[in-house]
Amino acid sequence: MSDHPARQLASDTYAGICPEAVAALAAVNHGHAAAYGDDAWTARAAGLFREFFEADCSAFFVPTGTAANALALAALCRPYHSVLCHADAHVQTDECGAPEYAARGVKLVPVEGPDGKVEPAAVRAAAAKRRDVHSHKPGAVSLSQATEAGTVYDPDELQALGRAARELGLRVHVDGARFANALATLRVPPRALTWEAGVDVLCFGGTKNGLPGGDAVIFFDSGLAEGFEYRRKQAGHLLAKMRFVAGPWIALFESGALLRNAERANGMARRLEAGLRRLPGVEVLYPVQANAVFVRLPPGCAEALHRRGWHFYTIAGGERLMCSWDTEPGDVDAFLADLRAAAEAS
Ligand SMILES: Cc1ncc(COP(=O)(O)O)c(C=O)c1O
C-alpha cells in the first residue's frame, strides 16, 4: 500500500512528457526560427501527417483538444447547423460550450448509444426528427475515437456511419483525443479509420499520448480547410513558437513512440481489467478496447481508495480508471492490492 502512488489512474493527462518528446523539445531549441508555423519543423510535421494518412491532408496545430474540436466543428458547420454526437461525448459534456461558441449558434444534439458509441440508426432517427426552418438543420455528426467509454469504432462501424452521414448530407468530425489508442487496438492503416470511411476532419490528440500539448486538426477535404488559419488566429489559438509543438509530433512519428506509447497504455488497461475481473463484487462496465477501464466497485471501496491516495473520477455511471503511456505494471498491481484490501475491509 502506498499513501501517494507515483503514478495515478485518474487521467492520461496526469502523465508527463515521454522521453522522445523531451528530446525533441531540446533538439528544436536552437537559435532562431520563423514564428507562427513558418518553420521547417512544422512543414516536416505536416509532411509526416500526409505520409501517415496516405492522403493529401492539411494539418493545423492548436494548443488544446477543446480548441481543435471547437474550431473543426466551426469549419464544418454553418451557424444554423446542429451536430449529432453521443450524449457522453466530450464536446457535449466537457467543453463548456466551446463548439457552440466557436461556431456561433451551432447546436449539439446528443444521441444515446451503447458502449459510448453513436450508431447509424440513431443518426438517422435524430436527423429525421425535425427538418423545418424552426429547428436547427443537421450539419455534422461527431464521433469520439476512442470513445469516452473506452471503446473503439472499427472500420466497418465507421464505414456504416460514413454512409449514413453521406445519405443525410452530414459532415463527419472525429474527436481523436485518443486516436492513437484506437489505432493501437485495431492495428489497421490510419486511412481505414479516417478518409476511407468518410471522415472529413480528425482532431488528432497528442497530449494524452506523451506530448506536452498541441493537438492537430487534420482536414481530408482541402475545401473545408479553406480559411482555417484565419479562424485559428482569430480565436487566439495560433501559437507563435510552433516549432515546440511540431518537434515533439515529429519525434512521435519518427521514433514509433506514437503507437508504442498507446500500446503501453492499452496493455496496462488490459492488465487492470484482468485483475479487476478476479475481484469479487467488481463489475467492469464496458468492453476494454483502449486505455480506460470503467468499473462499479463494492460499496465504500472508492472512498477507501481515495483515502489511500488514489485519484480517479466517477464518470458515465462508474469509476473511470485510465492508464497512460508511462503506467507501470507495478502501478496497476498496487491499485489492485489496495482495492482488494479495501473490499476485504468493507
Ligand atoms: C475525448 C476528449 N476529447 C477532447 C478533450 C479535450 O482536450 P483538452 O483538455 O486538451 O482541451 C479531452 C480531454 O480530456 C477528451 O478526453
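Predicted model: local features only at pLDDT ≥ 70, side-chain atom pairs only at ≥ 80, totals over all residues.
Which residues lie nearest the centre of the largest pocket?

Residues are numbered from 1 along each chain as its sequence is written, and side-chain values use heavy atoms, with hydrogens and water left out.

**View 1. The largest pocket and its lining.** His90, Glu148, Arg178, Lys208 and Arg320 lie nearest the centre, among 30 lining residues. (A pocket is an open set of points on a 1 Å grid over the protein atoms alone, where a 1.4 Å probe fits, with protein on both sides within 12 Å along at least five of seven lines; lining residues have an atom within 4 Å of a point.) The volume, the space filled by probe spheres set on the points, is about 510 Å³. Helix H3 (65-76) gives the most to this lining, with three residues; helix H4 (90-93), strand E5 (171-176) and strand E11 (318-322) each supply at least two. (Helices, H or I of at least four residues, and strands, E of at least two, are DSSP runs numbered from the N terminus.) By class, the lining has six nonpolar, 15 polar and nine charged residues.

**View 2. The second largest pocket.** Here the volume is about 310 Å³. Of the 14 lining residues, Leu71, Tyr101, Ala102, Arg104 and Ala235 lie nearest the centre. Helix H5 (98-102) and helix H9 (228-234) each supply at least two.

**View 3. An open sheet of four strands.** Follow the order E8-E9-E11-E10, with antiparallel pairing (two strands pair if DSSP finds at least two bridges between them). Strand E8 (283-284) and strand E10 (313-315) are at the edges with a single partner strand each, so one side of each has no neighbour in the sheet. Strand E9 (292-296) and E11 share four bridges, and Ala292 stands opposite Met322 in E11.

**View 4. Helix H11 and its packing with H8.** Helix H11 (257-277) lies across E8, E9 and E11, at about 20° to E9. Helix H8 (179-186) packs against H11 at about 80°, with the axes 8 Å apart. (Axes are lines fitted to C-alpha atoms, for helices over the stretch in contact, and angles run from 0 to 180 degrees between N-to-C directions; contact means heavy atoms within 4.5 Å.) That makes H8 roughly perpendicular to H11, a term for 65 to 115 degrees.

How values were computed:
Nonpolar A, V, L, I, M, F, W, Y, C, P; charged D, E, K, R; others polar. Parallel < 35°, antiparallel > 145°, perpendicular 65-115°, else oblique.
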